[in-house]
Amino acid sequence: MLRFILRRIVSAVPLLFGLLTFTFFIIRLAPGDPVALYVSADIDPHYADNLRQSLGLNDPLPVQYVKWLKGMLSGELGVSLSMHDEVVHILARTIPNTLLLTSLALVLNFLLGIALGIASALRRGRPLDHFINVNALFLYSIPEFWLGLMLILGISLNLNLLPASGMHAPLAFMLPFWERLLDLLEHMILPVFVLGVASAAATGRYMRSSLLEVIHQDYIRTARAKGLSEVLVIGKHALRNALIPIITLLGLSLPFLLGGAVIVESVFAWPGMGKLTIDAIFARDYPLIIACTLVSGVMVIVGNLLADILYAFVDPRIRYD
């Protein structure tokens with residue numbers, strides 16, 4: 001297993017390098033000048049040119065690439081052009097916010113999705129199955145940004161039950177610890193709901209089809225013929241094998257933990273990686289865009305690796321040399 005993990009990590013390095021190189025050239029070949037966003041139109045052109053020169057933006061593209069490559073190999077992610085701070089510091093402030101939001105959304109997604117999938121599969125063709133399927137398709141078909149905006153309009157603005165945006169109230173830093181925690185939870189309810197429930201609808205569909213396929217296998221009939229209770233048959237024999245596609249889904253969902261929910265974070269003004277990426281793209285903040293791409297790329301690799309490892313734990317037939 002250890003050799004398999006090391007081999008996967010080594011093979012991921014060229015992939016990550018290619019992704020970052022592609023991103024480097026794409027953002028620099030896109031139209032627009034980063035300096036133009038930070039100086040006013042009536043400023044002396046020589047000042048703007050000096051600023052561009054100091055940032056290395058006047059250098060030929062191959063020279064910029066070599067400088068960037070040297071920085072990456074030495075662990076330097078650079079300085080943000082729009083936020084005027086080390087990219088490492090910005091990521092250190094932003095990543096915990098995204099992890100807090102997306103981890104809860106991911107837990108809600110899989111717990112609710114697996115529970116709905118099991119209930120739907122065990123009541124196949126009955127009213128409960130139709131009810132879950134119709135509502136799951138309805139939720140899955142709703143765009144996240146639209147659901148978020150409707151919740152803000154209905155629950156936050158009309159009913160005034162929950163905050164509409166942000167992570168804390170403006171003066172939350174003056175509150176005692178428990179009141180500040182409660183304030184944070186209130187701000188998380190709507191974005192976690194939008195992220196978790198919409199994804200749970202898809203997870204439930206995967207779980208239902210996987211469990212329906214497993215419970216018709218011969219070894220399940222054998223377990224029932226031996227007189228085992230239905231709870232034991234489903235919980236011990238069927239559910240374990242039915243979870244294999246869900247593990248694939250979990251592995252693919254891990255990049256979402258740090259890549260952030262771009263649309264939902266923007267709708268709810270949540271200060272996370274998704275909003276940071278959008279802001280960096282609009283500001284043409286080259287170092288920050290590449291850093292966000294690096295984080296997402298690493299999470300894709302880690303997610304797939306973790307899914308492969310979990311396969312071996314769930315299904316003993318799977319072995320890695």
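Predicted model: local features only at pLDDT ≥ 70, side-chain atom pairs only at ≥ 80, totals over all residues.
**Entry on D59.** I looked up D59 and found a relative accessibility of 18%, so D59 counts as buried. The side chain of D59 meets that of K67 in a salt bridge, with 2.6 Å from N to O.

**Entry on the other salt bridges.** In one, R221 pairs with D218, and their closest N and O atoms are 2.6 Å apart. Both residues belong to helix α8, which covers residues 218–225, and they are three residues apart, about one turn of the helix. I wrote down that R221 is partly exposed at 46% relative accessibility, whereas D218, at 55%, is exposed. In the other, the side chains of E230 and R224 meet at 2.6 Å, N to O; E230 is partly exposed at 40%, and R224 is partly exposed at 34%.

**Entry on the surface.** Which residues form a nonpolar patch on the surface? I listed F145, W146, L149, M150, L153, L157, V262 and I263, which together have about 710 Å² of accessible area. Helix α6 (144–158) and helix α11 (262–267) each supply at least two residues of this patch, and the largest share, six residues, comes from α6. I then checked V262, which lies in α11, and found that V262 is partly exposed because its relative accessible area is 31%.

How values were computed: Residues numbered from 1 in each chain as written. Heavy atoms only, no water. Patch = residues over 30% accessible without salt bridge, like charges linked within 9 Å, V, L, I, M, F, W, Y side chains within 5 Å. Areas by Shrake-Rupley, 256 points an atom, 1.4 Å probe, with all protein chains shown as cover. Salt bridge = Lys/Arg side-chain N within 4 Å of Asp/Glu carboxyl O. Helix = DSSP H or I, 4+ residues; strand = E, 2+ residues; numbered from the N terminus. Buried < 20%, exposed > 50% of the residue type's maximum accessible area, 1.4 Å probe, protein only.
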